[in-house]
Amino acid sequence: MTEPRARAARHKGQLNFEKELRGLLYAHGDDEDPLPETVRVLDEITTDFIIETCHNASRHATLSGRQKVKLEDFKFVVRKDDRLLGRMTELIGMEKELKEARKGFNTDEGKVGLERSGPKKPRRAKKGGEKEEEGEDVEDGEDGMDDLMFGPLTSVAG
């Protein structure tokens, strides 16, 4: 991280990953009920890391002349951390495999006529009337960043 940023006032004191961090601490040998200070500090570190990574990816997209942040921008940000970049690449590959597997299970049993194919959605046009390229834009909930930074986190019930 380049410079520490002050946490926004609306997020101060709010824990974003409390449940996950408690499970992670327990899995790594801490007490079943860790100290609240420990959870709070780890939550702040985690939140700050995610915010910084997103800001840096956004900065890279802007310098590249784009308004949208793409997956390549996140890869650029973590390029010097081999372990994180490897995990990111692994998760992206797994996500693509899962999408392909889901396509195989997508059946339209019980549907009649035209309802089977569903309505076709037109592509959004860019400024100037060009059709938008199919790139790896980060959409809400599809970026895989939840599991990317720390792996799939699950809480451990005691």
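Figure 1. The model is predicted: local features need pLDDT of at least 70, side-chain atom pairs count only at pLDDT 80 or more, and totals for chains, interfaces and linings use all residues. Residues are numbered from 1 along each chain as its sequence is written, and side-chain values use heavy atoms, with hydrogens and water left out. The chain holds 5 helices and 0 strands. Both are DSSP runs numbered from the N terminus: helices are H or I with at least four residues, strands E with at least two. Of the 158 residues, 18% are buried. Buried means under 20% relative accessible area, exposed means over 50%, and partly exposed lies in between (1.4 Å probe, protein chains only). The accessible surface comes to about 12600 Å², and 52% of it belongs to carbon and sulfur atoms. These areas come from the Shrake-Rupley method with a 1.4 Å probe; for residues, only the protein chains shown count as cover. Among contacts between residues at least 6 apart in sequence, 56% join residues at least 24 apart. A contact means heavy atoms within 4.5 Å.

**Figure 2. Helix α1 has α2 as part of its cover.** This view shows residues 18–27. L21, G23 and L25 are buried in α1. The cover over the buried residues of α1 includes α2. Just after α1, G29 takes a positive phi of about 100 degrees.

**Figure 3. Helix α2 runs over residues 36–63.** Its 28 residues should span 40 Å at 1.5 Å a residue, and the end C-alpha atoms are 40 Å apart, which agrees. The expected span is 1.5 Å times one less than the number of residues. Buried residues of α2 include V39, D43, E52, N56 and H60. The buried residues of α2 pack against α1 and α3. Just after α2, G65 takes a positive phi of about 85 degrees.

Figure 4. Is T38 buried or partly exposed? T38 counts as partly exposed because its relative accessibility is 31%. R22 is 16 residues from T38 in sequence. In space, the two are 9.3 Å apart, C-alpha to C-alpha.

**Figure 5. The largest nonpolar core has 7 residues.** They are A57, L71, F74, V78, L84, M88 and I92. Helices α3 (71–77) and α4 (82–105) each supply at least two residues of this core. The most come from α4, which gives 3 residues. A nonpolar core is a set of buried Ala, Val, Leu, Ile, Met, Phe, Trp, Tyr and Cys residues joined through side-chain atoms within 4.5 Å.

**Figure 6. Helix α4 has 24 residues.** From first C-alpha to last, α4 reaches 35 Å, close to the 34 Å expected at 1.5 Å a residue. L84, M88, L91 and I92 are the buried residues of α4.

**Figure 7. R79 lies over the face of F76.** R79 is 3.9 Å from the ring centre. A charge sits over a ring if NZ of Lys or CZ of Arg is within 6 Å of the ring centre and within 35 degrees of the ring normal.
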